[in-house]
Amino acid sequence: MADRPVPVVEKQLMDVKLGQLGNWLGGRDFTPNGILNAIRRGHDRYYNKYINVKKGGIGGVAMLLAGYVVLSYIWEYDHIKHDRWRKYH
């Protein structure tokens, strides 16, 4: 028996082809509750994959910390760039 084709709206982002991206985005829930649910699902997936494991290490926490450092640097880059010492004025 042949498998039934899966509708584009039910596919994950990695399974969507570039031509189907508009239809896929049109099927997403962009209401405030939908966005909160997506953030909650992402947090749960991250927590279950990297933090809540039997033989856990420092990897999950280090990844979260590295992301925080990079994000903080991006936010403060203009300030850091302005305060940089310059050889020629």
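**Tyrosine 46.** I started with tyrosine 46 and found it in helix α2. A helix here is a DSSP run of H or I with at least four residues, a strand is a run of E with at least two, and both are numbered from the N terminus. Tyrosine 46 has 21% relative accessibility, so it counts as partly exposed. For that label I noted the cut-offs: buried is under 20% relative accessible area, exposed is over 50%, and partly exposed is in between, with a 1.4 Å probe and protein chains only. I also looked across the fold: tyrosine 46 and glycine 60 sit 14 residues apart in sequence, and their C-alpha atoms are 8.4 Å apart in space.

**Ground rules.** I reminded myself that this is a predicted model, where local features need pLDDT of at least 70 and side-chain atom pairs count only at pLDDT 80 or more, while totals for chains, interfaces and linings use all residues. Residues are numbered from 1 along each chain as its sequence is written, and side-chain values use heavy atoms, with hydrogens and water left out.

**Aromatic pair.** How many aromatic pairs does the structure hold? I found 1. The ring centres of tyrosine 46 and tyrosine 50 are 5.2 Å apart and the planes meet at 45 degrees, so I logged the pair as tilted. The rule: rings of Phe, Tyr and Trp (its six-membered ring) pair if their centres lie within 6.5 Å, and planes under 30 degrees apart are stacked, over 60 edge-to-face, and the rest tilted. Both tyrosines belong to helix α2, 4 residues apart, which is about one turn of the helix. Tyrosine 50 has 32% relative accessibility and counts as partly exposed.

**Two more residues.** I checked glycine 22, which is in helix α1 (residues 21-26). Glycine 22 is exposed, at 54% relative accessible area. Its C-alpha is 9.9 Å from that of valine 8, 14 residues away along the chain. Next came valine 61, in helix α3 (residues 59-75). Valine 61 is partly exposed at 44%, and its C-alpha lies 9.9 Å from that of tyrosine 47, 14 residues away in sequence.

**Whole chain.** I counted 4 helices and 0 strands, in the pattern α-α-α-α along the sequence. Of the 89 residues, 6% count as buried.

**Record check.** The unreviewed UniProt entry annotates residues 56-75 as "transmembrane region"; such annotations may be inferred rather than shown by experiment, feature names are shortened, and positions use the numbering here. Over residues 56-75 I got 85% helix and 0% strand, with the end C-alpha atoms 31 Å apart.

**Largest pocket.** Which helix gives the most to the lining of the largest pocket? Helix α2 (residues 32-51) does, with 5 residues. The lining includes Trp24, Asp29, Phe30 and Arg41. My note on the term: on a 1 Å grid over the protein atoms alone, probed at 1.4 Å, a pocket is an open set of points with protein on both sides within 12 Å along at least five of seven lines, and lining residues have an atom within 4 Å of a point.
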